[in-house]
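Take a look at the protein below.

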Amino acid sequence: MSQRDERRHRRDDDTTEPSRFFDGGDARGARKTQQICKEVLRTLSRSTTELLTLVTPLREAYRARWERTLIDWSELWTKAGCPLPALPTAGAWLKQTMTSTGATAVLMIDALRYDLGVTLASQINRQEGTERAIVMPARAPLPSITALGMGMALPLNEQDTTAEVIDGRWHLIEKNSQLDLSIAEKRRAWLRTRKIVDEEGIIPLNDVVRGNVPRPGKSRMAVVITDDLIDQLGHDDELELSGAGAVLERYRTAITQLRDAGWRRVLIVTDHGYIHWAGNDDKRLTPSIANPPYRARRALAYAASTTLAEPHVLAPGGKWRVLPARGAASWSAYGKLGYFHGGASLQEWIIPCIQIEWPSQ
């Protein structure tokens with residue numbers, strides 16, 4: 001059995017796949033239901049009294065069921081002592097997958113939630129008429145934020161990094177170089193100094209969509225494409241209203257452009273997922289130890305020397321204890337913003353890694 005077939009077999013048989021927590025095993029049915037629910041939440045193009053009368057209770061019912069799922073999962077995980085799943089980080093997966101020969105284009109997408117990754121892979125396979133894309137689950141670092149997650153999506157292992165809290169902000173330090181990988185320019189420098197890409201090998205997604213794609217060759221065996229549109233729309237409070245359909249179509253266009261330019265393998269990684277919850281339904285928690293060095297909506301952090309009664313996890317490097325908020329609750333209120341991440345719900349924490357390959361001929 002080939003490595004690809006092995007991964008496909010494991011994906012089909014693994015009953016711990018995140019999407020299956022929601023439906024007892026019928027992952028395809030869960031994704032269909034989830035897509036329908038997302039449509040219910042979108043802004044109505046034509047608003048009538050009769051439609052609002054129907055849609056409003058449907059929205060409330062979906063949110064109530066969704067919150068119960070978050071709370072149930074969070075309670076189980078907390079009672080188990082907050083164990084880390086036996087999943088790689090996105091960077092560990094990328095490092096392992098890039099060891100095989102062949103020109104490779106890497107898409108680093110901010111906030112590509114697991115269900116969006118599965119939807120994107122399914123759309124690509126339908127477009128191709130055969131299975132070109134496969135999805136493997138990975139885990140974001142905790143807290144599940146961009147400052148840590150983007151560095152952990154580089155092709156490196158978690159044990160090569162240490163997370164630090166300095167003046168209330170997270171930094172991800174690579175042990176060997178002491179580079180701060182929470183900074184985008186430092187991540188670009190890391191890719192170049194390790195000869196993963198050349199000086200022109202880091203490209204914004206907009207250029208790729210427009211067809212400005214360099215072709216692979218002996219001097220260029222990899223390119224890295226970056227995009228943060230999903231995260232931008234989320235923080236602008238537009239993602240739930242407009243849906244992610246147009247964004248996924250943009251990614252499919254970019255992947256097609258890469259394929260046509262000769263990139264026969266495309267790997268997609270992300271930093272974290274996200275959850276949506278109505279701002280007027282915020283449930284605020286009170287920490288047992290006041291004044292944590294790091295405080296955000298979905299997570300608190302204390303020095304490793306601090307004794308915490310609550311179950312918690314360690315940030316990369318083990319210097320900080322991270323206390324995620326349970327369910328859809330929060331440690332801090334951010335006004336009416338309904339999009340957030342940083343916690344340990346499945347939607348925030350479990351992320352997709354996508355491998356897309358075409359025959360060389």
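Is α5 largely enclosed by the rest of the structure or largely open, and how many of its 15 residues are buried? Helix α5 is largely enclosed, because 11 of its 15 residues are buried. Buried means under 20% relative accessible area, exposed means over 50%, and partly exposed lies in between (1.4 Å probe, protein chains only). The buried residues of α5 include Tyr114, Leu116, Ile124 and Glu128.

This is a predicted model: local features need pLDDT of at least 70, side-chain atom pairs count only at pLDDT 80 or more, and totals for chains, interfaces and linings use all residues. Residues are numbered from 1 along each chain as its sequence is written, and side-chain values use heavy atoms, with hydrogens and water left out.

Helices (H or I, at least four residues) and strands (E, at least two) are DSSP runs, numbered from the N terminus. Helix α5 covers residues 114–128. Just after α5, Gly129 has a positive phi of about 80 degrees.

Now the loop. Met221 sits between α8 (205–209) and β6 (222–227). Met221 is partly exposed, at 41% relative accessible area. Its C-alpha atom is 6.3 Å from that of Thr104, 117 residues apart along the chain. Met221 touches Gly102, Ala103, Thr104 and Trp263, leaving aside residues up to four places away in sequence. A contact means heavy atoms within 4.5 Å.

Here is the whole protein.

| Item | Value |
|---|---|
| Helices | 12 helices |
| Strands | 14 strands |
| Buried residues | 51% of 361 residues |

Terms used
The expected span of a helix is 1.5 Å times one less than its number of residues.
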